[in-house]
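Q: Could you walk me through this one feature at a time? I would like the general idea before each case.

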Amino acid sequence: LSVDASSQNARKIPDKMFGIFFEEINHAGAGGLWAELVSNRGFEAGGPNTPSNIDPWVIIGNESSIIVGTDRTSCFERNPVALRMEVLCGSKGTDACPSGGVGVYNPGYWGMNIERRKVYKVTLHIRSSDAVSLSVSLTSSDGLRKLASHTITGSKKQFAKWTKIEFHLKSSQNNTNSRLQLTTSRSGVIWLDQVSVMPFDTYMGHGFRKDLASMLANLKPQFLKFPGGNYAMGNYLRNAFQWSETVGSWEERPGHFNDVWGYWTDDGLGFFEFLQLAEDLGASPVWVVNDGASQNEEVSTATIASLVKDVVDGIEFARGGPNTTWGSVRAAMGHPEPFKLDYVSIGNQECWMLYYRGNYQKFYSAIKAAYPGINVISSCDKSTISPSNPADLYDVHVYASSSDMFSRTSMFDNTPRSGPKVCSNAILRWLYLICMLRISTPRNDFGSSMARQAIVSEYAVTGDDAGKGTLVAALAEAAFLVGLEKNSDVVEMASCAPLFVNDNDRRWSPDAIVFNSWQNYGCPNYWMLHFFKDSSGAMLHPSSVQISNYDQLVASAITWQSSQDKSSHLKIKVVNFGSKAVDLNISVSGLENGIKSSGSKKTVLTSSGALDENSFQQPQKVAPVSSPIDNAMQQMGVSLGPYSLTSFDLLL
Ligand code: AHR
């Protein structure tokens with residue numbers, strides 16, 4: 001394996017090369033990254049017509065002691081459904097309520113993880129026809145053991161109108177399968193709405209589950225694409241993610257049915273929170289907008305104008321000053337400074353649809369007119385780009401078997417490097433001629449897009465040997481990413497899909513991170529991504545593998561500098577996708593000061609079986625193992641195990 005580590009022949013990998021793609025799939029957000037513990041907190045999941053299904057809320061008591069239903073008497077305009085509990089027991093002349101009282105409980109998303117000594121912020125809205133004595137408690141799954149409790153009491157007058165109540169509960173015990181109970185032993189009618197339990201301790205205090213957000217941060221993602229995927233489109237437009245319905249106070253968010261992946265989301269993780277998450281991770285937000293297409297419908301170009309305006313408004317929400325119409329909404333949510341939204345993707349993957357290109361151009365023109373600096377991403381491939389169909393980036397989705405994915409290490413090798421680039425601005429169309437003459441023009445020189453690069457925003461190995469996240473799938477993806485590094489003059493960004501799965505609601509396999517209410521683990525491809533986390537903005541060096549009768553190796557070499565201690569590193573990654581162990585001579589040339597004699601290390605991702613996976617029981621079965629390299633040198637003999645990804649991190 002020869003590596004030319006000289007600076008003359010190196011090329012910079014784009015700063016935003018490796019990022020993450022978050023889709024609300026598999027309860028990734030609701031019941032996942034978003035730390036809210038109550039499911040269906042506003043009682044809206046059953047639909048706007050009442051009485052409705054209150055699932056997953058469950059009634060405590062029988063028909064002779066309590067009647068529970070919904071009506072439309074909420075104090076929240078955009079969110080009208082409220083829970084109505086008519087307590088029949090506990091008044092003079094009737095039976096006393098059963099011990100422990102009657103009411104409702106919410107099991108959260110397959111059980112609430114309540115931790116000893118941790119504090120939980122409870123918010124609820126209440127109205128009553130009588131004096132109130134309502135016990136709010138976190139309990140074991142059978143309701144018998146109380147972990148923390150608070151009683152709301154008040155006179156008839158006090159609760160005659162909707163009243164917001166907030167308090168903290170501190171748990172005395174650990175319980176990974178808890179529930180929230182609201183019970184009373186007093187007759188009367190009580191209405192409840194917008195009932196929330198949030199752990200106090202969330203990632204950067206912004207509502208993200210700490211363990212899961214930390215797993216994202218550990219990848220050092222350079223961008224965060226959101227909110228989907230097909231989720232951004234919906235099966236029907238009425239169920240698509242609509243950004244403006246997901247901002248403002250959480251109590252006023254209507255929530256919506258994620259009809260693509262089959263569950264309700266309260267939209268606690270809304271547009272603002274996605275932007276906040278990107279900021280907290282140090283990643284550039286990439287917003288996938290609904291372009292008027294769902295899986296089953298399309299808005300025609302003649303009628304797309306209101307959707308275009310809605311997207312421009314959304315950009316104003318993110319980027320506008322605090323005195324703009326939508327920027328002021330963001331400022332009122334606690335973020336007066338604009339978010340750095342520089343990428344907007346027009347739709348998900350619907351280039352094939354009838355109106356896509358016509359609609360795309362409307363979005364493109366309106367966005368560029370209002371925000372010339374925004375990079376607009378097209379769902380169409382490179383071949384469709386022309387002066388009349390301009391784009392800054394084109395989106396590529398790659399789903400393949402592991403052998404196919406491995407072979408796609410060369411997918412972009414033949415992408416044209418020269419030739420016509422795109423001049424997008426109508427006024428400057430004459431410059432297209434210059435482009436045709438191949439006069440290289442730096443990107444955005446004219447305030448318009450002059451270059452076409454790919455964002456591979458969804459890639460994954462799928463199919464039998466992908467399982468729920470196998471080693472071999474991770475290795476194939478590693479080879480694909482090595483190919484992207486090598487082609488990073490034409491590929492600017494990449495992210496895998498999907499990112500998360502709640503093990504209780506697996507809609508898509510495999511996924512990078514698996515969790516339930518209290519546990520998590522990274523699949524082999526999550527760990528594989530760690531091998532690439534220093535690549536964004538690094539220098540790529542020419543490298544080549546010469547080996548006879550074996551075509552299962554791919555390799556790349558980068559140099560990068562640590563932002564912490566400014567140390568310089570040469571990192572050589574080698575994927576061995578085959579079943580043979582390989583002995584390799586590594587030969588590095590072109591280093592000015594050589595390799596330091598100590599401080600270098602080798603990291604290997606492998607396992608005894610190619611189809612091995614991680615699990616809650618064995619979360620680290622397939623995880624990177626590092627060891628020091630003694631006497632690292634420019635000429636080294638190394639051994640690569642079968643089915644392995646190895647990185648040689650050499651200290652310069
Ligand atoms: O990643 C899962 C799905 O695959 C996404 O929603 C969609 O964009 C793609 O087809």
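A: Gladly. Two residues are in contact if their C-beta atoms, placed from the backbone, lie within 7 Å. Helices (H or I, at least four residues) and strands (E, at least two) are DSSP runs, numbered from the N terminus. In this case, Val308, Val311, Val312 and Ile315 of α4 meet Lys362, Phe363, Ala366, Ile367 and Ala370 of α6. Ala, Val, Leu, Ile, Met, Phe, Trp, Tyr, Cys and Pro count as nonpolar, Asp, Glu, Lys and Arg as charged, and the others, Gly among them, as polar.

Q: What should I know about the model and its numbering?

A: This is a predicted model, where local features need pLDDT of at least 70 and side-chain atom pairs count only at pLDDT 80 or more, while totals for chains, interfaces and linings use all residues. Residues are numbered from 1 along each chain as its sequence is written.

Q: At what angle do α4 and α6 pack?

A: Axes are lines fitted to C-alpha atoms, for helices over the stretch in contact, and angles run from 0 to 180 degrees between N-to-C directions. For α4 and α6 (residues 356–370), the angle is about 35°, with the axes 10 Å apart. A crossing is left-handed if the near helix is turned anticlockwise from the far one by less than a right angle, and right-handed if clockwise; that of α4 and α6 is right-handed.

Q: How do α4 and α5 pack?

A: Helix α4 (residues 305–319) and helix α5 (residues 325–332) make an angle of about 45°, and their axes are 7 Å apart. Angles under 35 degrees count as roughly parallel, over 145 as roughly antiparallel, 65 to 115 as roughly perpendicular and the rest as oblique, so α4 and α5 are oblique to each other. Their crossing is right-handed. Asp313, Glu316 and Phe317 in α4 meet Thr325, Trp326, Gly327, Val329 and Arg330 in α5. This contact comprises three nonpolar, two polar and three charged residues.

Q: Which residues are around the ligand?

A: A residue is near a molecule or strand if its C-beta atom, placed from the backbone, lies within 6 Å of it. Around the ligand are Glu23, Ile25, Gly228, Gly229, Asn230, Asn348, Gln349, His397, Glu458, Ala497, Pro498 and Trp508. By class, this shell has four nonpolar, six polar and two charged residues.
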